Amino acid sequence: MILVLGGSGLLGSAILKHLQQQRYPARVLTRGMGDWQSSNLPNLKAMGVEIVVGDMTNPDVLGKAINGCTGVIHAGGSMLQTSPEEMKKIHLDVVSELARLSELGGVQRFIQVSCLGSSQYSDCAMMRYKWEAEQVIKEAPFYWTIFRPSYFFDDTFPFLNILMPVLKLKPFIPVPGTGLSEIEPICVDDVANQIVQSLYNRNAVSKVYELGGPVTYTMLEFIDLVKHYMKIKTPIMHVPTESAGKSAKFFGKILKNMHTDLIGLMTVDSRCSEEELELPAPLSERTLEEALPRIIKKL
Ligand SMILES: NC(=O)c1ccc[n+]([C@@H]2O[C@H](COP(=O)([O-])OP(=O)(O)OC[C@H]3O[C@@H](n4cnc5c(N)ncnc54)[C@H](OP(=O)(O)O)[C@@H]3O)[C@@H](O)[C@H]2O)c1
């Protein structure tokens with residue numbers, strides 16, 4: 001039995017689909033928010049996966065979810081709005097507890113979803129927690145694999161959702177720093193396929209895979225692309241970032257509901273390094289631009 005944390009999310013649902021194609025039995029941990037009809041529970045039930053309802057920040061819930069599983073795929077947590085405390089809890093503390101309970105429970109295979117760009121030196125708090133979580137997993141006794149995808153899309157693109165409040169600003173769109181940080185949006189199905197194909201692949205053990213899509217965009221190019229498809233004419237203005245803190249203060253004034261880590265996410269590089277590592281499966285050539293009209297329609 002494979003436990004999928006985040007099985008109701010964008011990546012997790014794609015992972016479940018691939019697990020089902022391979023006929024691997026799966027269990028999902030979900031908070032199952034809202035009433036039965038509007039929650040994700042009916043969909044998961046219809047897929048025939050086992051469901052444990054609860055919060056992954058609760059060790060008792062995690063223990064229950066892991067019980068009887070030989071593998072864990074951790075695709076839980078979100079890039080979306082959270083408080084700094086919640087961010088640490090979700091991206092680091094949960095991973096430490098999960099590793100501890102997995103070891104206790106005899107889990108043999110563990111796949112951790114991190115982020116391309118995660119680094120101990122990052123200005124972006126989430127990227128620092130993701131990096132720390134990678135270190136926790138690397139020290140664990142089970143067969144681990146870490147995936148570091150760039151921002152992924154399907155018919156939604158969470159990274160764009162985070163940026164939308166900035167893109168709607170007038171009379172200019174503020175871009176922190178040079179806008180030359182790079183992203184490599186990747187189709188979520190590709191990420192899920194890599195993860196599932198690595199599950200019982202001995203070559204994938206103790207590997208850290210970087211996953212990027214076929215096109216690299218600077219932040220400026222990405223914003224221009226979105227402006228083009230959304231017919232936004234507002235000009236861009238560069239906001240100097242002597243320090244992320246100063247810039248965050250500026251953004252904070254103009255964007256009341258801004259994402260906690262907006263500046264960090266807009267200035268961090270999320271692209272693959274030059275190092276070539278053979279991936280568990282081939283990647284498709286699906287580009288963000290092909291999907292963008294669909295994504296924008298759903299905004
Ligand atoms: N989105 C991206 O572009 C991107 C890029 C690189 C890496 N990542 C990483 O990939 C992972 C998945 O991202 P995603 O975009 O697929 O996320 P998502 O669509 O926002 O879904 C988040 C998932 O995490 C679960 N979750 C969150 N908090 C939870 C809690 N306290 N207890 C139990 N479950 C909880 C949610 O389950 P319920 O709501 O059902 O409880 C949901 O299934 C994250 O670790 C993210 O950092 C994302």
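**Exercise 1. How many bridges join strand 5 to strand 6, and how do the two strands run?**

Solution. In this predicted model, strand 5 (residues 109–113) and strand 6 (residues 143–149) run parallel and are joined by five bridges.

**Exercise 2. What is the strand order of the open sheet, and which strands are its edges?**

Solution. Begin with the order: the open sheet has seven strands arranged 3-2-1-4-5-6-11, with parallel pairing. Next, look for strands that pair on one side only; these are strand 3 (50–53) and strand 11 (207–211), the edge strands. Last, the twist from one strand to the next averages 15 degrees.

**Exercise 3. Determine how helix 4 packs on helix 5, and describe the contact.**

Solution. Take the geometry: helix 4 (residues 84–104) and helix 5 (residues 125–138) have axes 9 Å apart, at an angle of about 5 degrees. Angles under 35 degrees count as roughly parallel, so helix 4 is roughly parallel to helix 5. Then list the contact: among its residues are Met 87, His 91 and Val 95 in helix 4, and Met 126, Tyr 129 and Ala 133 in helix 5. By class, this contact of helix 4 with helix 5 has 11 nonpolar, two polar and three charged residues.

**Exercise 4. Which residues come nearest to the ligand, and which element gives the most to its shell?**

Solution. Of the 29 residues around the ligand, the nearest are Gly 9, Leu 11, Thr 30, Arg 31 and Ser 78. Two or more shell residues come from each of helix 1 (10–21), strand 2 (26–30) and helix 6 (158–167). Helix 1 gives the most, with three residues. By class, the shell has 16 nonpolar, 11 polar and two charged residues.

How values were computed
Residues are numbered from 1 along each chain as its sequence is written. This is a predicted model: local features need pLDDT of at least 70, side-chain atom pairs count only at pLDDT 80 or more; totals for chains, interfaces and linings use all residues. Axes are lines fitted to C-alpha atoms, for helices over the stretch in contact, and angles run from 0 to 180 degrees between N-to-C directions. Helices (H or I, at least four residues) and strands (E, at least two) are DSSP runs, numbered from the N terminus. Angles under 35 degrees count as roughly parallel, over 145 as roughly antiparallel, 65 to 115 as roughly perpendicular and the rest as oblique. Two residues are in contact if their C-beta atoms, placed from the backbone, lie within 7 Å. Ala, Val, Leu, Ile, Met, Phe, Trp, Tyr, Cys and Pro count as nonpolar, Asp, Glu, Lys and Arg as charged, and the others, Gly among them, as polar. A residue is near a molecule or strand if its C-beta atom, placed from the backbone, lies within 6 Å of it. Two strands pair if DSSP finds at least two bridges between them.
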